[in-house]
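Here's a quick briefing on the fold you have open. Have a look at the sequence and the model first, then work through the notes below.

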Amino acid sequence: MDKKRERFLIVRLGALGDIIHTLPCAELLKKSYTKATIDWVVDERNAKMLIGNPNIDNVYTIPLKKWQSSWLSPSTIKEILDFGKKLRQNNYTWAFDLHGMFKSLVIMLFCGAINKVAYKDYREFATLGANILVEPKAKRPYRNYSIIQRYLDLIMNDEAKKKFLLRSI
């Protein structure tokens with residue numbers, strides 16, 4: 001597989017602790033695909049945590065609080081569509097929804113990635129934004145199962161591995 005052609009998008013908007021728990025995913029992707037681009041979409045209130053991270057090439061911010069207060073207003077819809085257009089220009093091969101709620105669904109629907117990966121047990125219709133649904137190894141609540149491991153398992157799931165292999169032939 002031509003690893004330099006892979007373009008990954010991580011969607012984890014907030015909260016701060018969950019963003020910290022998601023950072024190993026960016027590191028795993030960067031170590032596995034050294035020439036790939038790894039981008040991240042995050043709420044603007046949490047962007048400082050990611051900017052300058054050597055495993056992340058681009059950090060895209062959204063005004064999540066503003067959008068949530070007016071999802072259906074014409075100006076918000078226009079902002080979301082414009083943001084989606086900006087993301088689609090990056091021609092992502094993979095997008096990973098590591099948030100799993102309606103707010104990440106919006107990003108997944110408009111990011112334009114070829115492969116959009118999410119867990120089957122996500123809430124708020126978040127699974128509608130994915131074309132690869134992964135069965136989680138552990139069910140809620142996650143006793144004796146690290147949330148970091150859950151995020152890593154989504155990145156390196158069996159379905160994704162099959163697609164990686166098929167593309168390399």
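The axes of H1 and helix H5 (residues 147-155) come within 9 Å and cross at roughly 40 degrees. Axes here are lines fitted to C-alpha atoms, for helices over the stretch in contact, and angles run from 0 to 180 degrees between N-to-C directions. Keep in mind that this is a predicted model, where local features need pLDDT of at least 70, side-chain atom pairs count only at pLDDT 80 or more, and totals for chains, interfaces and linings use all residues. Residues are numbered from 1 along each chain as its sequence is written, and side-chain values use heavy atoms, with hydrogens and water left out.

**More on H1 and H5**

- H1 passes H5 in a right-handed crossing (left-handed if the near helix is turned anticlockwise from the far one by less than a right angle, right-handed if clockwise).
- On the H1 side, the contact is made by Asp 18, His 21, Thr 22, Pro 24, Cys 25, Leu 28 and Leu 29; contact means heavy atoms within 4.5 Å.
- H5 brings Ile 147, Ile 148, Tyr 151, Leu 152 and Ile 155 to that contact.

**The chain overall**

- The protein chain has 6 helices and 6 strands; helices (H or I, at least four residues) and strands (E, at least two) are DSSP runs, numbered from the N terminus.
- Reading from the N terminus, the elements go β-α-β-β-α-α-β-α-β-β-α-α.
- Of the chain's 169 residues, 49% count as buried (buried is under 20% relative accessible area, exposed over 50%, partly exposed in between, with a 1.4 Å probe and protein chains only).
- Take the contacts with a separation of 6 or more: residues 24 or more positions apart account for 52% of them.

- How far apart are the end C-alpha atoms of H3? They are 21 Å apart, which agrees with the 21 Å that the 15 residues of H3 (residues 74-88) should span at 1.5 Å a residue; the expected span is 1.5 Å times one less than the number of residues.
- The buried residues of H3 are Thr 76, Ile 80, Phe 83, Gly 84 and Leu 87.
- These residues cover an arc of only 100 degrees around the axis, which puts them on the same side of H3; the arc is that of the directions from the helix axis to the C-beta atoms.
- What do the buried residues of H3 pack against? Their partners are strand S1 (7-11), strand S2 (37-43), strand S3 (58-62), helix H2 (64-69) and helix H4 (102-110).

**H3 against H4**

- H3 and H4 pack at an angle of about 50 degrees, and their axes are 8 Å apart.
- That makes H3 oblique to H4 (under 35 degrees counts as roughly parallel, over 145 as roughly antiparallel, 65 to 115 as roughly perpendicular and the rest as oblique).
- From H3, the residues making the contact are Ile 80, Leu 81, Phe 83, Gly 84, Leu 87 and Arg 88, and from H4 they are Val 106, Ile 107 and Phe 110.
- H3 passes H4 in a right-handed crossing.

- Thr 76 sits in helix H3 and counts as buried at 0% relative accessibility.
- Leaving out residues up to four places away in sequence, Thr 76 touches Trp 67, Ser 70 and Trp 71.
- Thr 76 and Lys 66 are 10 residues apart in sequence, and their C-alpha atoms are 8.2 Å apart in space.
- Gly 84, also placed in helix H3, counts as buried at 1% relative accessibility.

**Backbone spots to check in the loops**

- The peptide bond from Gly 14 to Ala 15 is cis, with omega near -15 degrees.
- Ala 15 is found in the loop between S1 and helix H1 (16-32) and counts as partly exposed at 45% relative accessibility.
- Glu 124 lies in the loop between strand S5 (115-119) and strand S6 (132-134), and its phi is near 55 degrees, a positive value in a residue other than glycine.
- Glu 124 is partly exposed, with a relative accessible area of 39%.
- Phe 125 is in the loop between S5 and S6, and its phi is near 65 degrees, a positive value in a residue other than glycine.
- Is Phe 125 buried or exposed? At 63% relative accessibility, Phe 125 counts as exposed.
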